[in-house]
Amino acid sequence: MLVLVRAGLTLAALMFSLAAYAQGATTDFATLAKSEGQPQIPGLRIVYLTKLGNPAQAPWRNIILHQTEGAPGSARGLAEAQAKHPARRGVTLWVETDGTVYWSTPETIVTTHGDGANRNDNKYIDNSKTYRQVTRVNSIGVEFNGNAPDVRVPPTPEQFAASLLLVRFLQERYGIPAERIYAHNWIDYKDARYCEGCELAMRARAQAYRPGQGELPKASDVMISAPGR
């Protein structure tokens with residue numbers, strides 16, 4: 001399915017990531033995504049501050065995409081601080097402006113992200129399915145760093161490209177369907193200046209990836225971005 005390219009994301013970034021996957025994959029995607037240790041998805045760079053274990057022991061049924069006002073280049077430091085104190089407010093994964101992903105805490109630890117799914121105005125999605133239901137105890141959080149000092153600046157092309165691969169990896173690892181990918185603003189009342197995580201979540205959902213497909217699409221099958229708001 002082709003999705004129109006929108007401003008702020010270069011097609012080249014995604015083409016590179018998908019081409020790298022196609023050239024470098026030595027095992028099927030489903031097997032790789034469920035691996036223990038430090039699995040690397042071709043086209044995606046993950047720096048593990050902790051090793052992964054058995055995904056069946058993790059409680060994740062949803063994915064929440066966040067954005068933080070951290071300065072560009074600070075994702076690793078934020079991830080390391082999270083690793084030292086997992087219960088501090090934060091997430092499991094951090095994504096730097098260059099697309100590098102930092103896995104900060106063990107995948108079975110619940111981090112303190114979200115505000116309890118307190119949004120119930122149906123502004124972005126049907127909140128009858130999320131109100132007080134999509135919370136930190138059942139949702140893995142991913143933070144895209146670097147929208148400082150202007151929070152309205154979108155994620156970088158490298159972050160968008162990384163997000164499409166990373167979300168598929170998490171979907172496959174934990175059996176999460178596309179409809180359970182959420183932007184932080186969709187489930188919580190957040191900063192009114194911008195919609196936190198919304199573009200990231202729309203693009204991730206637009207892939208319509210189903211766990212168990214076993215492989216990533218060809219570069220010609222996915223042309224970035226998401227439906228209009």
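Reader: Why is D115 called partly exposed?

Author: Its relative accessible area is 32%. Buried means under 20%, exposed over 50%, and partly exposed in between, with a 1.4 Å probe and protein chains only. The value for D115, 32%, falls in between, so D115 is partly exposed. This is a predicted model, where local features need pLDDT of at least 70, side-chain atom pairs count only at pLDDT 80 or more, and totals for chains, interfaces and linings use all residues. Residues are numbered from 1 along each chain as its sequence is written, and side-chain values use heavy atoms, with hydrogens and water left out.

Reader: What makes D115 and R89 a salt bridge?

Author: The closest N and O atoms are 3.2 Å apart. A salt bridge needs a side-chain nitrogen of Lys or Arg within 4 Å of a carboxyl oxygen of Asp or Glu. The pair therefore qualifies. D115 sits in the loop between β4 (101–103) and β5 (139–145), and R89 in the loop between α3 (75–84) and β3 (93–95), 26 residues apart. These elements are DSSP runs numbered from the N terminus: helices are H or I with at least four residues, strands E with at least two.

Reader: How many salt bridges are there by this rule?

Author: Seven. Among them is R152 with D150, at 3.1 Å from N to O. R152 is exposed at 60% relative accessible area, while D150 is partly exposed at 31%.

Reader: What does the salt bridge of E107 with R173 tie together?

Author: The closest N and O atoms are 2.9 Å apart. E107 lies in the loop between β4 and β5 and R173 in helix α4, so the pair joins parts 66 residues apart in sequence. Both residues are buried.

Reader: Which residues touch the most other members of the largest nonpolar core?

Author: W103, F169, L170 and W186, out of 44 residues. Helix α4 (residues 157–174) gives the largest share, eight residues. Such a core is a set of buried Ala, Val, Leu, Ile, Met, Phe, Trp, Tyr and Cys residues joined through side-chain atoms within 4.5 Å. Another core, of six residues, lies apart from this one and includes A75 and W94.

Reader: Why is helix α6 called mostly covered?

Author: Eight of its nine residues (198–206) are buried. Among them are C198, E199 and R203. What covers them includes β2 (62–68), β5, α4, β6 (181–183) and α5 (184–187). Contact here means heavy atoms within 4.5 Å.
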